[in-house]
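Biologist: Please take a close look at the side-chain links for me. I would like to know which residues take part and where in the chain they sit.

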Amino acid sequence: MANGTSIPHTDSTSPMSTVESLTTEQTNDKTLETTMSQITLNTPTTNTPLFVSELCRNHTNATGEAISRRELWALANNTSQWLPEHLNRISFGPIYNAFPAVDTFFALSGLLLTYLMMKELKTNNGKLNWPMFYFHRFWRLTPPYMLILMVYVSLFPYIGEGPGWPKDGAEVNYCEHSWHRNFLYVNNLFVDGYDMCMAWSWYLANDMQFYVISPLILLPLFHYHLVGVAILLAFLLGSTIACGLLSAHDDLPASMFDGGNSQKFFNEYVKPWNRITPYLIGIYVGYLLYKTDCKVRINRFVNIFAWLAFTAVACTVLYGLHKDVTGDRLSTDVAALYTATHRMVWGACVCWVIFACATGNGGIINTILSWKVFVPLSRLTYCAYLVHPIVIYYYLLRRQRLIHFSDTEVTYEFLGHVVLSYAVALVASLVFESPMMGLEKALLKRKERKDEIVNVKVTERLTKLGRDSNY
């Protein structure tokens, strides 16, 4: 942990947690601090005791999702009973196997980029303003990202207190040696387990990297369809094979809850060559929507069969690890197959939902997803993504008493985190995001006006020269 020692691998298949030296609840801060410092946790993936203070200091050892779970286990007084009990529940699958949710956004990103870019290329006869293509993306993401990082890293140590509160902040060395990786969107390539700044930002790095290389697929797809498909398939096959081989070589677990090596799991989890497959699926579905102009008639029975098939496949991805996390761990080869393919399969299921809804084959699903209430919330999703771990960390690290897990408790906390995250996101959007978007629009409009003025002057000059030549 903090001293650089590695977490030993264990083949334990039963997640266990222990709480030592807990007496009675006392309100005295000194007694509570002593009690909290003695809490240890055997993580779901190792049997290594982790002290709460270590967790607070080193929460960026893998990804934001992982450490928030670890802190939660450590701050509960009934984890050893509650966690194994819930892991045995089939309905708990979307919780312990929530990782495919991230691939939903990769698929969406690839689909939207392709659909909009294809329309732009068609409008401009296959040409595009490439400097603006990259600048707009960088400007859209970076200012709120960097400003929130600056405020969070600088002020977080001073906004709370408690027995588990990190006095030097939640980030290692105030991100002094790693913030520039975030700025360049390469922080996912330097995961060493300890100094990744804003660990949950690994997604942004991947998304930006996919965006940068996307023209290698999109341009051939637009001009020479078969060539574009061949390149896309090469990327898809290469990523699938690489992911499977790395998983088999390192004996990676299919889930962080099945007793495998979680550190290696997350080091591979954030790498672009392991995450690009749903993005590629999104690219091709976006191309199909462009080519069909979102007008596809599907036979009613075929449509019903497709919905049932994709629903069944998605449920298999989501719930298929139930035996794996309850003791019957998958073999190395089967775990590697799952790791290599499940993201691509999940991306295809998500893209089917979008394709069906966009082409008028979504039925009630389209009605729900088109609800106008989602529109204002959708404008806050980026800032909500940036700030929600900060909201969760603030809540967890300031706790004065242990959590007693129950379905009601977890549901209540989840809803509270959602509401508060969007409230903070609204402020962040108004302060950091909207001004920068407005500035970009103002600059671009000014440039457009200048271009129009130049064009008018050139036209007038040419007209005058034409008249002079007639004389």
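**Side-chain links across the chain**

Modeller: The protein chain has 21 helices and two strands. Helices are DSSP runs of H or I with at least four residues, strands are E runs of at least two, and both are numbered from the N terminus. This is a predicted model, in which local features need pLDDT of at least 70, side-chain atom pairs count only at pLDDT 80 or more, and totals for chains, interfaces and linings use all residues. Residues are numbered from 1 along each chain as its sequence is written, and side-chain values use heavy atoms, with hydrogens and water left out.

First, the setting. Of the 471 residues, 47% count as buried. Buried means under 20% relative accessible area, exposed means over 50%, and partly exposed lies in between (1.4 Å probe, protein chains only). The chain exposes about 24200 Å², and carbon and sulfur atoms supply 65% of that area. Accessible areas come from the Shrake-Rupley method with a 1.4 Å probe; for residues, only the protein chains shown count as cover. Take the contacts (heavy atoms within 4.5 Å) between residues at least 6 apart in sequence: 78% of them join residues at least 24 apart.

Now the charged pairs. Side chains of opposite charge can pair when their charged atoms come close. The structure holds five salt bridges. The rule asks for a side-chain nitrogen of Lys or Arg within 4 Å of a carboxyl oxygen of Asp or Glu.

One of them joins Asp103 and Arg275, at 2.9 Å from N to O. Asp103 sits in helix α6 (residues 100-123) and Arg275 in helix α13 (residues 272-275), so distant parts of the chain, 172 residues apart, are linked. Asp103 is buried, at 0% relative accessibility. Arg275 is also buried, at 0%.

Helix α7 brings in another. There, Arg137 meets Asp207 in a salt bridge, 2.2 Å from N to O. Asp207 lies in helix α9 and Arg137 in helix α7, so the pair ties together parts that are 70 residues apart in sequence. Asp207 and Arg137 are both buried.

Arg140 forms a salt bridge with Glu433, and the closest N and O atoms are 2.6 Å apart. This pair too links distant parts of the chain: Arg140 is in helix α7, Glu433 is in helix α21 (residues 407-470), and 293 residues separate them. Arg140 counts as partly exposed, at 24% relative accessibility, whereas Glu433 is buried, at 2%.

Next, the cysteines. The count comes to one disulfide, a pair of cysteine sulfur atoms within 2.5 Å. Cys175 is joined to Cys197, with 2.0 Å from S to S. The link of Cys175 and Cys197 is right-handed, with 85° about the S-S bond. Cys175 belongs to the loop between α7 (130-155) and α8 (179-183), while Cys197 belongs to the loop between α8 and α9 (202-213); the two are 22 residues apart, and the pair links distant parts of the chain. Cys175 is buried, with a relative accessible area of 1%. Cys197 is buried as well, at 1%.

Cys351 is in no disulfide; its nearest cysteine sulfur, that of Cys349, is 9.4 Å away. Cys351 is buried, with a relative accessible area of 1%. Cys243 is buried too, at 5%.
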